Amino acid sequence: MVTNVRGRFESFEGTLVMEEGDPTESSIEGSVDVASVKTGVSPRDSNLRSAGFFDAQGFPKMSFRSARIGPLEGDRFKVYGELTIKEVTREVAFDVVNKGEMPGENGNRRWAFDASIALNRKDFGLQWNALMELGGLLVVDDVSGLLEIQFVEE
């Protein structure tokens, strides 16, 4: 029996330094409050916040800082950088799609991006698991994420 568990982080922040003349010279950084995780199942959310998983009390944020961007292939590109979860930092790559620019409020410009990532949770010290009654493990090691991001010009 296998199912995908969907969730979201409700508290996060980030900064994009956009170099429009050469987007590969742009940079991005951001952080997520791990205590803001929501899957729709309160006991599971509590377990994810616990010391056995994200340890929101001991490590309240996960963060990302880009190292390089590109190559650009139309509206698609990769963003490489360092992801830190529970004081474990690893290089990762996000596959990004530029969804375009649109006018924002007060005349400020707005950009939208989708970014996806796949990683092994154990690489970041997220070791918790449990055996199921009929055999097998409750939580898989390989996880994926999708970020739907909008940046507003300041």
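Me: Which strands each supply at least two residues of the lining of the second largest pocket?
Reply: Strand 2 (12-17), strand 8 and strand 9 do. The model is a predicted one. Strand 2 gives the most to this lining, with three residues.

Me: What makes a residue part of the lining of the second largest pocket?
Reply: A lining residue has an atom within 4 Å of a point of the pocket. G14, T15, L16, M18, E20, R109, W111, F151, V152, E153 and E154 line the second largest pocket.

Me: How much space lies in that pocket?
Reply: The second largest pocket holds about 220 Å³.

Me: How do the residues of its lining divide into nonpolar, polar and charged?
Reply: Five are nonpolar, two are polar and four are charged. Gly counts as polar, and G14 is one of the lining residues.

Me: Why is K86 called buried?
Reply: Its relative accessible area is 17%. Buried means under 20%. The value for K86 falls under that cut-off, so K86 is buried. K86 sits in the loop between strand 6 and strand 7 (88-103).

Me: Why does E87 count as exposed?
Reply: Exposed means over 50% relative accessible area. E87 has 68%, so the residue counts as exposed. Its place, too, is in the loop between strand 6 and strand 7.

Me: Which kind of peptide bond joins G70 and P71, and how do you know?
Reply: The bond between G70 and P71 is cis, with omega at about 5°. Most peptide bonds are trans. P71 lies in the loop between strand 5 (61-69) and strand 6 (76-85).

Me: What makes a set of residues a nonpolar core, and how many residues has the largest one?
Reply: The members must be buried, of nonpolar kinds such as Val, Leu and Phe, and joined through side-chain atoms within 4.5 Å. The largest nonpolar core has 26 residues. Those with the most contacts inside this core are F54, F64, V79, L83, V92, F94 and V96. Two or more residues come from each of strand 3 (27-33), strand 5, strand 6, strand 7, strand 8 (109-120) and strand 9 (142-152). Strand 8 gives the most, with five. In soluble globular proteins, nonpolar side chains tend to be buried together.

Me: Is T39 buried or exposed, and how do you know?
Reply: T39 is buried: its relative accessible area is 17%, and the cut-off is under 20%. T39 is found in the loop between strand 4 (37-38) and helix 1 (42-49).

Me: What makes the pair of T39 and R44 side chains a polar contact?
Reply: A polar contact needs N or O atoms within 3.5 Å. The side chains of T39 and R44 come to 3.0 Å, so the pair meets that cut-off. The T39 side chain also reaches the backbone nitrogen of V41 at 3.4 Å.

Me: Which residues is T39 in contact with, leaving aside its neighbours within four places in sequence?
Reply: They are V5, R6, G7, R44, D45 and L48.

Conventions. Residues numbered from 1 in each chain as written. Predicted model: local features only at pLDDT ≥ 70, side-chain atom pairs only at ≥ 80, totals over all residues. Heavy atoms only, no water. Helix = DSSP H or I, 4+ residues; strand = E, 2+ residues; numbered from the N terminus. Buried < 20%, exposed > 50% of the residue type's maximum accessible area, 1.4 Å probe, protein only. 1 Å grid on protein atoms, 1.4 Å probe; cavity = no way out; pocket = protein on both sides within 12 Å on 5 of 7 lines; lining within 4 Å. Points joined across faces, edges and corners; volume = space filled by probe spheres on them. Polar contact = N/O pair within 3.5 Å; in protein donor to acceptor, adjacent residues only side chain to side chain. Contact = heavy atoms within 4.5 Å.
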